[in-house]
Amino acid sequence: MTTSEAPTDNGVNVQALLDARTALVDSPEGAQFTWRASNEWVKGTHSQSAINNFFGLGGEQSHRSSWSFDADHPEIFASEDNGVTPVEFVLVGLASCLTAGVAAVAQNRGIQLNSVKATIEGDMDILGILGGDPEVRNGFNGIRVHYDIDADATPEEIEALVAQSQKRSAVFDVVTNPTSVTVEVN
Amino acid sequence: MRTATVVVGAGHAGLAVSHFLSQRSIDHVVVERGEVANTWRTQRWDALRLLTPNWLSGLPGFAYDGDDPDGFMTMSEVIELIGRYASAVDAPVRTRTTVTDVRNVEDGYRVTTDQGTWEAPTVMLASGGFNLPHVPDIAADVPASVEVISPLDYRRPDQLPMGGVLVVGASATGIQLADEIHRSGRPVTLSVGEHVRLPRVYRGRDVMWWMTMAGVLNERYDEIDDLVRGRNIPSPQLVGTPDRATLDLNALTAQGVALVGRIGAIRDGVALFSGSLRNVCALADLKLGRLLDRFDEWAPAGGVDGEFDPPHRLEPTRVDDEPRLSLDLLSGEISTIVWATGFRPDYSWLQVPVLDRKGYLRHEGGVVTGAPGMYAIGLNLLRRRKSSFIHGAEDDARELTDHLAAYLDASPR
């Protein structure tokens, strides 16, 4: 644990999160959020997604500004590589969710973080998406995340941060558990 | 009929309350839908024994006096203990009296039963927290060819058809049933979510001894950081057997039980399991490590050198590199699913608006919120971590009876 007198500051307002939890348990309708993205085809496998608004706390909310993301496939897929592949976005989502969780949990436990670095890998047999082998799934066979964390804490405390972060992670849940998906057209 | 207190339920907790009410000469009745210790008689599997050793399984004014303090009571011994207790404290029990309705009246509550009606300024709900199986919604998607059973109906392995069994849940119930069903020749797959790992014996002493001595079981509801989480922690992976064996996930996998993650969905007859198995095992291993650290920190202050075996740590939970993520329930591999996914209280007869949106009682340490004179006992972490254990009834019953007596004194008669 920290030996200095300085209060832990990982830049996470834990009190706001705890207050929100207390408030939302009493008015659970405010806890119902809807996250949104829009996506538009550009050309070939290139598409552009935009994110701006979401719904939560009983009303429409917006990000500080709009965000845009290009997705494509690399040249070895005979594409133009105008952006990262969609599955790489999934890796980005998982890693950034877990890292945010590490920071929040560390703040809550009074652990000062000095650096947090993650690498994430997903293994895929592309015979699945190519339809080359019906036994092979389309998605990842497995995902590995490796964290290098420098913090004022014992190795066990750091391990517990990473474990707790997985337990409370939305993207970890989305990736590890089935989710119903409805796709409609027009 | 009029009385000062109606106690609903003649289990160990209701009888402990009766003991303290009688000590204060508070007129009361204990209404019980079946016989004394009804749940222990009718809703427990044959091989079950208490998780707490005999020396710890006492009731107020009624310490264990047998010759096997380190043993674990069988169900017939528990029923006998509670029956003897009811006689010893001379509890005014009305057996075969089922409560059908409890509602507010002007000066308290009206308790309607199939054997008459009582009115009283105070009511003690001692009907238990484990009345109904808590089964996830996805249970509705189990194919008709697969048998399903809850622990409340399960008695012994030969009740189940031969063939594979999917046990869902890795609490005390889930691991005990997985163990005995697998030993019966029905290969078990165990679906594991968040769980609590404990060794039966640590450094030569029962883990319940450590939990008691190091103060864990006495932690109060108002001292705990996250009470929502605390009240929802699954029961620990423990079994009470004469050989004091540890029954954890490693013991089960050594026997051939297959571990899979938490069940997430059943889609087109295929059960889908979470990929979080490794993390829930890591969480339980880490939590166990912190608990053993706490025991070790307490031990030097509490004992002389050589009193305990040296500290040690358990092997981490072994998880396959690639645990199964799905199981085809239509393939014939699984004949039965056991939903060991917890229990919930049944308050269908309670017409006083004291339940939250999920059907659980709102209360502050057993003092029911928004219903003066109404109390509850025997629920998870009601006032202390030990509240749901037999020996946990004493402190809770004493304190709640104190509160109840003060309430009666302050009320106009």
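**Notes on a predicted two-chain model**

1. Let's start with how chain A is laid out. The C-alpha centres of domain 1 and domain 2 of chain A are 20 Å apart. Domain 1 of chain A covers residues 28-84, and domain 2 of chain A covers 85-176. Keep in mind as you read that this is a predicted model.

2. Now take a look at helix 1 of chain A, residues 14-26. Its 13 residues reach 19 Å from the first C-alpha to the last, close to the 18 Å expected at 1.5 Å a residue. Is this helix tucked away or in the open? The number of buried residues in helix 1 of chain A is 0, so the helix lies largely in the open.

3. Buried residues in helix 2 of chain A include A:L91, A:L94, A:C97, A:L98 and A:V102. What do the buried residues of this helix pack against? Their partners in chain A are helix 1, strand 5 (113-123), strand 6 (142-151), helix 3 and helix 4. Just after helix 2 of chain A comes A:G110, with a positive phi of about 70 degrees.

4. Another backbone spot to check in chain A is A:L57. Most residues other than glycine have a negative phi. A:L57 is not a glycine, yet it has a positive phi of about 55 degrees. You'll find A:L57 in the loop between strand 3 (46-56) and strand 4 (59-71) of chain A. Why does A:L57 count as partly exposed? It has 15 other C-beta atoms within 10 Å, and a residue needs 20 or more to be buried, or 12 or fewer to be exposed.

5. Next, see where the two chains meet. Here 11 residues of chain A are in contact with 13 residues of chain B. On the chain A side, the elements giving two or more residues are helix 3 (155-167) and helix 4 (170-176). Helix 3 of chain A provides the largest share, 6 residues. By class, the chain A side has 5 nonpolar, 3 polar and 3 charged residues.

6. Time to move over to chain B as a whole. How many helices and strands does chain B have? There are 9 helices and 22 strands. Its C-alpha trace spans about 70 × 60 × 40 Å along the principal axes. Chain B has a radius of gyration of 22 Å, which agrees with the value near 22 Å for a compact globule of 413 residues. Of those 413 residues, 44% count as buried. Look at contacts in chain B between residues at least 6 apart in sequence, and you'll see that 68% of them join residues at least 24 apart.

7. Chain B also splits into domains. Domain 1 of chain B is made from 5-131 + 345-410, and domain 2 of chain B is 133-339. The centres of the two, taken over C-alpha atoms, are separated by 28 Å. Their contact draws 21 residues from domain 1 of chain B and 23 residues from domain 2 of chain B. On the domain 1 side of this contact, the residues are 9 nonpolar, 5 polar and 7 charged.

8. In soluble globular proteins, nonpolar side chains tend to be buried together. The largest nonpolar core in this model has 126 residues, and B:V17, B:V123, B:V167 and B:I377 have the most contacts inside it. Helix 8 of chain B (residues 277-302) gives the most to this core, with 10 residues.

9. Finally, here are two loop residues in chain B. B:R244 has a positive phi of about 50 degrees although it is not a glycine, and it sits in the loop between helix 6 (227-231) and helix 7 (249-255). With 16 other C-beta atoms within 10 Å, B:R244 is partly exposed. B:L325 is in the loop between helix 8 and strand 17 (326-328) of chain B. B:L325 is also partly exposed, with 19 other C-beta atoms within 10 Å; the cut-off for buried is 20 or more. Leaving out residues up to four places away in sequence, B:L325 touches B:L272, B:F273 and B:G275. The C-alpha atoms of B:L325 and B:V260 are 7.0 Å apart, although 65 residues separate the two along the chain.

Note on methods: Residues are numbered from 1 along each chain as its sequence is written. Chains are lettered from A and ligands numbered from 1 in the order in which they are written. This is a predicted model: local features need pLDDT of at least 70, side-chain atom pairs count only at pLDDT 80 or more; totals for chains, interfaces and linings use all residues. Helices (H or I, at least four residues) and strands (E, at least two) are DSSP runs, numbered from the N terminus. The expected span of a helix is 1.5 Å times one less than its number of residues. Domain bounds come from an automatic or database domain assignment. Two residues are in contact if their C-beta atoms, placed from the backbone, lie within 7 Å. Ala, Val, Leu, Ile, Met, Phe, Trp, Tyr, Cys and Pro count as nonpolar, Asp, Glu, Lys and Arg as charged, and the others, Gly among them, as polar. The radius of gyration is taken over C-alpha atoms; the globule rule is 2.2 Å times the number of residues to the power 0.38. A nonpolar core is a set of buried Ala, Val, Leu, Ile, Met, Phe, Trp, Tyr and Cys residues joined through C-beta atoms within 7 Å.
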